[in-house]
Each structure stands twice: as C-alpha cells, then as structure tokens.
Amino acid sequence: MSSGEPATKKSKTDALPEHLSGIPEETKKVLIEIDAVQNEIDGLNEKASEEILKVEQKYNLLRRPQYEKRCEMIKKIPNFWCTAFLNHPQLSSIIDESEEQALAHLSNIEVDEFDDIKSGFRLRFFFTPNEFFENEKIEKEYNLGDTPSTTGTTIRWKEGKNLGKQKGDTSSPLSFFEWLSENVDPAHDDIAEVIKDDMWPNPLQYYLLPEMEETGDDFEELIDDEEGLEEVDDEGGSEGEENDA
C-alpha cells in the first residue's frame with residue numbers, strides 16, 4: 001500500500017449485479033439479506049437430499065426380497081413382460097412388429113441400483129431359449145459418475161436373425177432390440193430411465209392396463225369382481241345339483 005491509508009472495506013452491496021447498482025441502498029441491503037437466507041435454504045436442501053438418498057438405499061435393501069418374490073410369481077404367467085411392454089405408452093412405441101416374437105421370450109427383468117444410488121444402476125433381461133440369439137441374459141450397466149458411460153452384453157445373434165441392425169437411417173428412433181444392442185449415452189437414454197423408474201416398480205399396472213381402462217376399475221376392484229363371479233358360479237352349481245337331485 002503506497003499511501004499508508006487503510007484499505008477500504010468492500011461493501012456487501014458490491015456483490016450485487018451491476019444492473020442493480022442504481023437501486024436504493026435499503027433495497028440493496030434487503031437483497032443481500034435474502035441472498036444469505038437463500039444460501040441457508042440451499043444448504044438445508046443439500047442435506048435433505050443426502051438424507052433422502054440414505055433412506056432410499058435402506059428401502060432398496062428392504063424391497064429386494066419382495067422384488068425377488070414378485071419375479072418368481074411373474075414367471076408363472078406366460079408373456080407377462082411382453083404384454084406389459086406392449087401396453088406401456090412409451091415402450092410400446094419403440095417395439096417393432098418384427099420384435100414382438102423375440103420379446104415374447106423375455107422371462108424376467110432385474111433392476112439393480114448401485115450402493116451409491118447417484119453413481120449408477122444395472123438392467124438385466126433374462127430370456128428363454130429362442131430362434132433369435134444365444135444369450136440367456138443381457139445386461140446394460142450405467143455409470144453416472146464424473147465420466148458417464150454405458151456398457152452392455154454383446155448379443156450373440158443367430159444367423160439371419162439380427163434385430164439389432166434393422167434401420168439404415170440413424171436419425172430415426174432406436175427400436176427396442178437396437179437399443180438393447182447399443183451403448184447409448186446415459187444422458188440421452190430415456191428408455192433405461194422409463195424401465196428403471198416406471199416399469200420396474202409396478203409392471204402389474206401395465207400388464208392389466210387394457211382391461212383396467214375398459215372397466216375404469218383398479219386392480220383390487222377387478223380381483224373382487226372376479227371373486228364375486230366365482231362365488232356366483234359356485235352357488236349356481238350347487239343349486240343345479242340340488243335341482244337335479
């Protein structure tokens with residue numbers, strides 16, 4: 001400091017954008033105070049996000065046995081996953097007619113989020129033996145860290161059955177098996193997000209969708225109606241037997 005004079009303390013209001021320099025001093029002070037409070041709110045929001053992630057990690061573990069139980073039950077229903085996919089508004093739009101026969105062999109799906117949920121997840125697709133490819137399991141892994149990337153199983157297509165290269169026009173949307181064959185940038189992979197966040201949590205709603213839309217009922221009401229019909233049939237059968245007697 002050449003003059004020996006004390007340094008001028010920088011005013012907090014100097015932190016405001018230049019275009020606000022002409023507003024009243026009192027307004028400037030209030031804006032600075034609002035900004036300070038907003039910083040506190042942002043800090044709390046960040047802590048809340050961290051706590052929410054911890055809770056989500058906990059419940060991911062708690063849900064896992066139920067997901068496994070559900071998968072075993074789904075295996076008893078023919079074409080469950082194919083039907084659910086074809087009923088889904090987004091997923092059905094990427095399934096070509098030529099792919100439906102192959103998709104009918106989809107027997108199970110698994111979604112496995114990493115321990116650090118923010119870092120990524122895996123999608124696993126299980127298939128019964130079929131005429132299209134050799135794989136029994138096809139996996140896609142999404143790493144969402146500093147350098148996002150996607151890796152996936154190489155599909156071993158049988159001769160003349162490659163559904164992964166159907167379109168010559170790369171500008172058109174990918175079909176399902178084209179998507180399954182390629183490693184799409186995670187930032188632009190809407191299909192993976194739909195499967196993870198919408199289809200996987202409750203596939204039953206999409207399997208039942210046409211019937212539910214037609215009747216306007218939810219699943220519990222449909223089950224109650226079916227049980228009621230069974231009771232009527234049983235009563236009718238008993239009455240018929242009594243009349244015959």
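A word on the model. It is predicted, so local features need pLDDT of at least 70 and side-chain atom pairs 80 or more, while totals for chains, interfaces and linings use all residues. Numbering runs from 1 along each chain as its sequence is written, and side-chain values use heavy atoms, without hydrogens or water.

Back to E50. This residue sits in helix α1, residues 25-74. Helices here are DSSP runs of H or I, at least four residues, and strands are runs of E, at least two, numbered from the N terminus. Buried means under 20%, exposed over 50%, and partly exposed is in between.

Now the salt bridges. How many does a search of the whole structure find? The search finds 12. The rule is a side-chain nitrogen of Lys or Arg within 4 Å of a carboxyl oxygen of Asp or Glu.

Take E56 and R63. Their closest N and O atoms are 2.6 Å apart. E56 is partly exposed at 31%. R63 is partly exposed too, at 29%.

Next, E72 and K75. This salt bridge spans 3.2 Å, N to O. E72 has a relative accessible area of 46%, and K75 has 47%.

R122 lies in strand β2, residues 120-127, and E141 in strand β3, residues 137-143, so the pair ties together parts 19 residues apart in sequence. R122 is partly exposed, at 23%. E141 is buried, at 18%. Shared partners then link R64, E110, D112, R122, R124, E139 and E141 into one salt-bridge network.

Last, the strands. Which way do β1 and β2 pair? Strand β1, residues 106-113, pairs with β2 in the antiparallel sense, over 7 bridges. Pairing requires at least two DSSP bridges between the strands. Look for N108: F126 in β2 stands opposite. The two strands make a hairpin, with 6 residues between them.

Definitions and conventions. Buried < 20%, exposed > 50% of the residue type's maximum accessible area, 1.4 Å probe, protein only.
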